[in-house]
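The following paragraphs lead a new reader through one protein chain. The sequence and the structure should be kept in view throughout.

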Amino acid sequence: MRKIAVLSLALSFILCDSQFSNNNDNVQGSGSTSCREICCLTSMSQNLGAVGEKITNLVEKIQLLEAKLQNTEKEVLELRSTPQVAFSAALRESGSGDTGPFTTATPLQYKRVFSNAGSNYNSATGIFTATVKGMYFFRFSMFNNLSQSPNSVVSLMKNGQRLTSVWDTSGTDANDMGSNAVVIPLNLGDSVYVELQPNRIVYDDGMNYNTFSGFLLFAIHVGY
């Protein structure tokens, strides 16, 4: 700002000196010294006013650019500081066959892990645990049992509460599957998993019909 002020003052003196020289050439022999001085002061005042207005506009633009730069830097820092969270897994590591039935509702343990950025998914328990407060996307698929009448029901659970389900418990055709998905907010420590309902069965093999996947859409920072 000091440099701008000095520059504007110097520019004003240059303009005034130029104007004074022109006025001096025009009024030689026809005007007094006081008249030339008045003309110079008037010109200086006009030039200073115009330059001052331009400086004010420039300062406002610079302040606006500085604010935008600060916001951009803040967003970049937030993106850099947000952990990357994503996972995807299939039910069986190898082989084929049914999972279930169990007498109580049981979390399905998806053993074949395709990805687990952030290590929030535990293949030993089948449970995803949030370490970042944010908005998440989850999707799961289910393939029914083949050896008898369809008897498959699975549900996506959050902290023990059912969110959504996929089921197939009737019909003569044996090769049915379905999927479901949600977008939900999670706090630190919240758990999400797919639960096989009591006395139900699902089938899988090397084709990996039963999957469980999720990822962080965006973090929710404190104060938002």
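Asn 199 is found in the loop between strand S11 (191-196) and strand S12 (202-204). Phi of Asn 199 is near 65°, a positive value in a residue that is not glycine. With a relative accessible area of 46%, Asn 199 is partly exposed, because that value lies between the limits of 20% and 50%.

A further positive phi, of about 55°, belongs to Ser 119, which is not a glycine either. Ser 119 is placed in the loop between strand S4 (112-117) and strand S5 (121-122). Its relative accessible area is 60%, so Ser 119 counts as exposed, the cut-off being over 50%. Another loop, between strand S2 (97-99) and strand S3 (106-107), holds Pro 101. The peptide bond that joins Gly 100 and Pro 101 is cis, with omega at about 0°.

The discussion now turns to the strands. An open sheet is formed by 5 strands in the order S4-S1-S13-S7-S10, with antiparallel pairing. S4 and strand S10 (177-186) are the edge strands, each of them pairing on one side only. On average, neighbouring strands of this sheet are turned by 10° against each other when direction is ignored.

Within the sheet, strand S13 (residues 211-219) pairs with strand S1 (residues 86-90) in the antiparallel sense over 5 bridges. Ala 86 has Phe 215 in S13 as its bridge partner, and Phe 87 has Gly 214 in S13. S13 is also joined to strand S7 (residues 134-143), again in an antiparallel arrangement, by 7 bridges. There, Phe 140 stands opposite Phe 212 in S13. In a regular strand, side chains alternate between the two faces of the sheet.

Nonpolar side chains tend to be buried together in soluble globular proteins.

Is Asn 144 buried or exposed? Asn 144 lies in the loop between S7 and strand S8 (152-158). Its relative accessibility is 0%, so Asn 144 counts as buried, the limit being under 20%. The side chains of Asn 144 and Asp 168 are joined by a polar contact of 2.6 Å. Residues up to four places away in sequence not being counted, Asn 144 touches Asp 168 and others, among them Pro 150, Ser 152, Asp 173, Asn 175 and Tyr 203.

A final point concerns confidence. The chain has an average pLDDT of 84, and 81% of the residues score at least 70. Over residues 5-11, however, the pLDDT is below 50, and this stretch has 3 contacts in the model beyond near neighbours in sequence. Where pLDDT is low, the predicted coordinates should not be read in detail.

Definitions and conventions: Residues numbered from 1 in each chain as written. Predicted model: local features only at pLDDT ≥ 70, side-chain atom pairs only at ≥ 80, totals over all residues. Heavy atoms only, no water. Pairing = 2+ DSSP bridges. Helix = DSSP H or I, 4+ residues; strand = E, 2+ residues; numbered from the N terminus. pLDDT = per-residue confidence, 0-100. Contact = heavy atoms within 4.5 Å. Buried < 20%, exposed > 50% of the residue type's maximum accessible area, 1.4 Å probe, protein only. Axes fitted to C-alpha atoms, helices over the stretch in contact; angles between N-to-C directions. Polar contact = N/O pair within 3.5 Å; in protein donor to acceptor, adjacent residues only side chain to side chain.
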